[in-house]
Amino acid sequence: MSATAEAKDANQPDEPSLVTRVLGRWLRRSQADGWLDLLFVPLVLLALVVWLAATTDGFLTSQNTLNILQQGAILGIVGFGMTLVIMSGEMDLSVGSGVALSSVIAAIVARDTGSVELAIVCAVAMGVIIGLINGLIVTKLEVPSFVATLGTLVIFHGVALMFSNGAIIGQLPDGIGALVSDRFLGISLLIWLTAAVFTVLLLLVTRTTFGVRVLSVGGNREASRLSGFRVDRVRLMCFVVLGVCVGIAGFALTSRVESGQPNSASLLALTSIAAVVIGGTSLTGGRGSVTRTLWGVLLIVVLQNGLNVKGVQIDLQNVVIGGVFIIAASVDFFRRRLQRRLAESRASELVPLPVEL
């Protein structure tokens, strides 16, 4: 190699590392969204944790921390998938019944065949079918997703009751509970599974063109169609991705309670939507983040666990959690109102002052 080439290589700056690129992208996004908007939920979560730790014995123990993560696993798995659906401007109210139906299917297959692996496959396949049904009704029949999934909520619940005869399905093989009982590095496989789902969907949203299309479709459907995006396909795929998450959550529920639960997860749709909205995803679509949904999930789960640890009665817990749902529904309104005021304030600062002659 010539001396000139060596000097050129020596003067060429090193390519930034992956951590540097990710950190830089996060900082640029934070400046665009506003630091208050970005840090609001984490700060509220931190304040809640500090208050519970100061007023409750045993809250910050390692065992209770693992319990919080396990309690939030099913909500997190469904919430991460729900983020994509809401980002695309849609809604899915049937996820609770879908999880119950997937749980029943997994339990029946495990009981009749003795194969846990086959039960996993059937649960996920059931979730895919659920996602396809919801997506096709919304895209092909052009039924609003709120109405469509409200109807399938009732249908899936009825099918779950039909398959189980309205009873809990027991007598499952011993390995069905391995997802909760088995541990890797001291952490249950259920928590690792939740982390894996989070990572996959985070990469799907931030690292693929599909994530860009989801945001575009949710932000302006007609402009996306004029840009050449297959809008209906994007919306359908969002429901299918959520369906996969529902199937995984259904098997996770079966593994956790070691039975099929046809009447479980009745409030899962509300809690998952609340977690997504609390995290900062707009209910009107076009804006959202899987990472922020994680913060919303943690806030809800920590609140539920804290109320349990403090011995709050179940009826009062429902009142508090119901209030959180109402606050979650209004968070997006106040967030947009604050951003509009900040934008107007910045615009007024840029207006040049009149020059006196």
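This is a predicted model: local features need pLDDT of at least 70, side-chain atom pairs count only at pLDDT 80 or more; totals for chains, interfaces and linings use all residues.

Biologist: Is Lys-140 buried or exposed?

Modeller: Residues are numbered from 1 along each chain as its sequence is written, and side-chain values use heavy atoms, with hydrogens and water left out. Buried means under 20% relative accessible area, exposed over 50% and partly exposed in between, with a 1.4 Å probe and protein chains only. Because its relative accessibility is 60%, Lys-140 counts as exposed.

Biologist: Where is confidence highest in the chain?

Modeller: The chain has a mean pLDDT of 83, with 83% of its residues reaching 70 or more. Confidence is lowest in helix H1 (residues 3-11), at a mean of 49, whereas the highest value, 95, belongs to H7; helices here are DSSP runs (H or I) of at least four residues, numbered from the N terminus.

Biologist: How many residues apart in sequence are the parts tied together by Arg-235 and Glu-90?

Modeller: Arg-235 and Glu-90, both buried, form a salt bridge (a side-chain nitrogen of Lys or Arg within 4 Å of a carboxyl oxygen of Asp or Glu), and their closest N and O atoms are 2.9 Å apart. Arg-235 lies in helix H13 (residues 231-257) and Glu-90 in the loop between helix H5 (73-87) and helix H6 (95-113), so the parts that the pair ties together are separated in sequence by 145 residues.

Key
pLDDT is the predictor's confidence in each residue, from 0 to 100. Helices (H or I, at least four residues) and strands (E, at least two) are DSSP runs, numbered from the N terminus.
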